[in-house]
Amino acid sequence: MYDAWKILVGLAIFVALFTAAFWMNAGKAAPVPEPKIDTPEIKKMAKAERKCVEDKHFMRTTHMQLINHWRDQALRDGNRDYINKDGKKYYISLQNTCMKCHSNKKDFCDKCHDYTGVSPYCWDCHIAPKEEPKRNEL
Amino acid sequence: MDVKVSLGVSLGAVLAIVLVALVGAQVSSLQLVFGILVPYAAFVIFILGFIYRVVDWGRSPVPFRIPTTCGQQKTLPWIKRNKLECPSNTLEVIGRMILEVFAFRSLFKHTKAEMASGNIIYGGSKWLWLGALAFHYSFLIIAVRHLRLFVEPVPAFVNVLDLVDGMLQIGAPTLYITDILLIGAVSYLFVRRVIVPKMRYISLANDYFPLFLILGIGISGVLMRFFIRVDIVSVKELTVGLASLHPVLPEGIGAIFFVHVALVSTLFAYFPFSKLMHAGGVFLSPGRNLANTNRAKMHVNPWNYPVKLHTYEEYENDFREKMKNAGIPVERE
């Protein structure tokens, strides 16, 4: 090979860049986040009533679009009524509806958001719930 | 090849991949194939194929320097020279290569020929350069952004890139600027090939196929993010599993994810054997990466071997008697 060392250095850089994800993980399996749904407000409810505004799959995949839609509907149209797929009516409010049950932002919202590198701007306007800081964060 | 055939073949190939992935996503045993085996295989083909192509080029001798020059060569000290267009040493070559690789300088010099009042005139045409720049940088940012799904914990620079890319804060999840740029730029590069008659004439199926493939990747990605939502936590479980060599196959990931992955895997596996290898080739272009020192330095052909000489003196020694007998004059008696 001509100019072998130059080509080998170039190839080494290429391989290092494209396998960067493997090195950063160092072969360790990452734990899957488990958002906690054991807040006092949820525990108070009977087992059968423990339901979010929509079904679990919809909430897991599409909650951000629902919340965004809620924001527009409540603040721009002044309409705070939401009828879900089962015909049940909910009051549109992040603070008073969502966070009433899911009062554990750190153990609920942040779990998956940190895992997938998502930083929603909810808390630019809303006040994040006060939570006891975890021991390892002090 | 006829343009309709080229377009049909390349579009048909991309649609076939989409269809196969859609079918594969319905069967759990095939999900294993399309979610784990195919991506790994494609990645290995990409890395090994890329190395093979580069080494193959590295083994090709370039006995004489053939830089493309379009500027004044280094000569007498009072003649103004062009260091980038006619580099005379490694440093100037590096300057030329940096501008080529990061700013696509040779596309910037792209001109367009037009007939005006009976004369052919050449004018600057920056659209190709702009489209190529928008496409390549968007693709780079999108690729780096995807590290959020392959690395745990997510590196800080990926989060920053994500925030900057989504800074318009349109909708939720936020619209990425690079998504718009990528799809817009690839569409432009495609339309340009089809609409401009000269481009259409020289375009083949292997020009259209990568464009359709990348457009398909972009569209399936945008659909997955904004319209046909999938559970991103399960997706990361799979992707980070791939990148940590602990592959897992979570249940309930939507079919659109498998379409996206199948298209990306195709791109990876196809890359080393296609025109897309210009990514590696730009570094190994003798027209770009050699200093114009043809006359300033001695260049010896690398496969020159010591030539076996037989001088006239030796010849005369061999045949002196015979030459004398035949009356041929000799230099030494």
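Helices (H or I, at least four residues) and strands (E, at least two) are DSSP runs, numbered from the N terminus. By that rule B:Val14 is found in helix α1 of chain B.

## Model and confidence

This is a predicted model, in which local features need pLDDT of at least 70, side-chain atom pairs count only at pLDDT 80 or more, and totals for chains, interfaces and linings use all residues. Residues are numbered from 1 along each chain as its sequence is written, while chains are lettered from A and ligands numbered from 1 in the order in which they are written.

The predictor gives the complex an ipTM of 0.88 and a pTM of 0.89. Confidence in each residue is expressed as pLDDT, from 0 to 100. Chain B has a mean pLDDT of 92, with 100% of its residues at 70 or more; for chain A the mean is 87, and 95% of its residues reach 70 or more.

## Contact between the chains

Residues are in contact if their C-beta atoms, placed from the backbone, lie within 7 Å. The contact between the chains takes 34 residues from chain A and 38 residues from chain B. On the side of chain B that touches chain A, α2 (28–58), α6 (156–165) and α10 (232–243) of chain B each supply at least two residues. The largest share, seven residues, comes from α10(B).

By class, this side of chain B has 23 nonpolar, seven polar and eight charged residues. Here Ala, Val, Leu, Ile, Met, Phe, Trp, Tyr, Cys and Pro count as nonpolar, Asp, Glu, Lys and Arg as charged, and the others, Gly among them, as polar.

## Nonpolar core

A residue is buried if 20 or more other C-beta atoms lie within 10 Å of its own, exposed if 12 or fewer, and partly exposed in between, with C-beta atoms placed from the backbone. A nonpolar core is a set of buried Ala, Val, Leu, Ile, Met, Phe, Trp, Tyr and Cys residues joined through C-beta atoms within 7 Å. The largest such core has 43 residues, and those with the most contacts inside it include B:Phe34, B:Val186 and B:Leu213. Two or more residues come from each of α1 (3–26), α2, α7 (177–195), α9 (205–227), α10 and α11 (255–270) of chain B. Of these, α11(B) gives the most, with nine residues.

Leaving aside neighbours within four places in sequence, B:Val186 is in contact with B:Phe135, B:Leu211, B:Ile214, B:Leu215 and B:Gly218.

B:Val14 is buried because 21 other C-beta atoms lie within 10 Å. Not counting residues up to four places away in sequence, B:Val14 touches B:Phe212, B:Leu213 and B:Gly216.

## Backbone features

Cis peptide bonds join B:Glu152 to B:Pro153, with omega about -5 degrees, and B:Ala172 to B:Pro173, with omega also about -5 degrees. B:Pro173 is in the loop between α6 and α7 of chain B.

B:Gln169 also lies in the loop between α6 and α7 of chain B. Phi of B:Gln169 is near 50 degrees, a positive value in a residue other than glycine. B:Gln169 is exposed, with 12 other C-beta atoms within 10 Å.

Note on methods:
Contact = placed C-beta atoms within 7 Å. pLDDT = per-residue confidence, 0-100.
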